[in-house]
Amino acid sequence: MTLQRASRPVAHCLRQSSSTRHARTLATTPIDPSPPTPHYHHHPTPSPAPATPSQPARPPQRSSSLSRSNAPLGPEDAFQEARAFLQEDRREKLEAIGLQRVKIARLQDRVVVGEQNGEVERRKQREKDNRVRSMGRRLEEMKVMADINDPMVKKRFEDGQGDMTKPIYRHLANTQWHSYKRQILLQRLTQMNVMPDVLPALDPIVSTGLAFPTTSSTTPTRSRLKRVQHGDFVPSALSSQTPTLWIQPYNKGTRLCTVAVINPDVPNVEKDGFDHRCHFLAVNLPISPINTRVRLGELGSTSESKGDVLLPWLPAYAQKGAPYQRMSIIILEQPSPTLTPIVTTLLGAVAESRELDVTSASQDPRYNTRDGFNLRSFVDRYGLKAVGADLFRTKWDEGTAGVMQQAGIVGWDVEFRRKRVEPLPYQRKASERYR
Amino acid sequence: MAKDKGRPKTDMRITVIRYHLKHPLTPRPLRFSRNRSLRHWTIHRAWRLYQTKLRLSRQIELERQYNSMAAACEALRLIDGHGLTAEERSRVGEPDVSEGDKEVGRLYRIAMRKDDIWKGVPIEYARIQTDTPPRNGWNHAWTK
């Protein structure tokens, strides 16, 4: 009896879905009454009317108006009612979105009148821009609110099939990243003191992922990628290869990014402190919500990858005796030229980025040397904005010497030793009380 | 007590949680399949949305009633003994200087008095009209 009762919802679902297509247990669009196509069925379907005498008779398909039948309501009916209610709500929200679009268009058509280049006109223009910007933000919110109650959207997103060109999937991915992975990243960055050392402040907006290719001796061409978590120690053999970086932004549009890999822990014995060194610098990388993978090794070389490498990849190394060294990967967004079309920026899309002049940057003596590379100066010079970061650490292991030799770095056999600190003269006190 | 001290003390919270989870009268935890849990989520979202809409509509209705009352009080404040505002009086042509101070808004001021309105009990103690009777009946022991 309990087994029959437990199987009742399943049987009811099957019976309901038998007259519709098999895959549509969670249909959010109206189920059309056409006969089901043969290739959806993998097993013989049960007939709509209950044929087995052991199962009690139940009305096969309940319509949306519940007042007709007196049989007890189940969760399936609640689901259909909920679906109908949410569809009605979505229709209202779509109307509101259309209305908002009309309002924005009407506002943008209004011309600001004032004295020519006067203070009043500038203020009015600024106010108008602010209003368009707020209305654009509201429009994006409304687009997300329209789809956020859809179970199919949730299912698609959880299965990883979300289309990142749609704002709802971007919103869900952003929320997911914020809930855990971004907090981990910020914790690693703060604990490793990347923030005051490399850049004064960093608020990650784009999510990052890093992987190094492992070259197996048998197949040198096809190498597997080994993922690295934020703040991991990476063996020197792995970090000698040029990695792959995934940069996932959550606002629409393509923007040009700069990637800089800075090591702020290069020991300097003379000053008894540490220097910065740049291990990689590339500019003008086009990044968008669907185009996220950046193979740092193949930038600029092949025709399909668009990006300019100013300083190619230098393997991460830490000499023997030196403490572990942090390798911070900073992703910077290039600014838009001053005369952008306001429509794209004010309505939430990212503005067109300006290309960085590669020739002038490569000739600038401050930015074409690795040692003593000052990222803050680079950021200020080109007006860049830090949008994302990643971090890994290196320490000395058995392969470091080999890696340094292969890369032709001077000082592969240098070993650091702690300076012996002379203890302060200890004055023995007179009585036993001070022992 | 002496030989108890050697063992590490288990946290009482763990004991309490285990007691409540394993009690025979506690209902067993539900385990939903993927589709079943998505349907549950949909029903929950729809119910919360419905409740929010209901609450907002009630709030808007209350705001509308309050604004209507405030507008009525404001209109009363500007009216004198003859039922004319200052602008209407000047249009009709009556002299308004002598009447201006005391007559205008007299009824409004009377309405706004909150002392000794209801045989010694202020109006705020009155019961608002409801659709259904109260859960607790008449309180015979009520004092001011």
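Is A:His178 buried, exposed or partly exposed, and what is the relative accessibility behind that class? A:His178 counts as partly exposed because its relative accessibility is 35%; buried means under 20% relative accessible area, exposed over 50%, and partly exposed in between, with a 1.4 Å probe and protein chains only.

This is a predicted model, in which local features need pLDDT of at least 70, side-chain atom pairs count only at pLDDT 80 or more, and totals for chains, interfaces and linings use all residues. Residues are numbered from 1 along each chain as its sequence is written, chains are lettered from A and ligands numbered from 1 in the order in which they are written, and side-chain values use heavy atoms, with hydrogens and water left out.

A:His178 lies in helix α5 of chain A. Its C-alpha atom is separated by 21 Å from that of A:Pro151, 27 residues apart along the chain. Helices (H or I, at least four residues) and strands (E, at least two) are DSSP runs, numbered from the N terminus.

| Element | Residues |
|---|---|
| α5(A) | 167–191 |
| α11(A) | 400–407 |
| β6(A) | 273–287 |

In α11(A), the buried residues are A:Thr400, A:Ala401, A:Val403 and A:Met404. They lie on the same side of the helix because they cover an arc of only 165 degrees around the axis, taken from the directions from the helix axis to the C-beta atoms. After α11(A) comes A:Gly408, with a positive phi near 75 degrees.

Chain A also has an open, mixed sheet of six strands, ordered β3-β10-β9-β5-β6-β8. Each of β3 and β8 has a single partner strand, so one side is left without a neighbour in the sheet; two strands pair if DSSP finds at least two bridges between them. β6(A) and β8(A) run antiparallel and are joined by three bridges.
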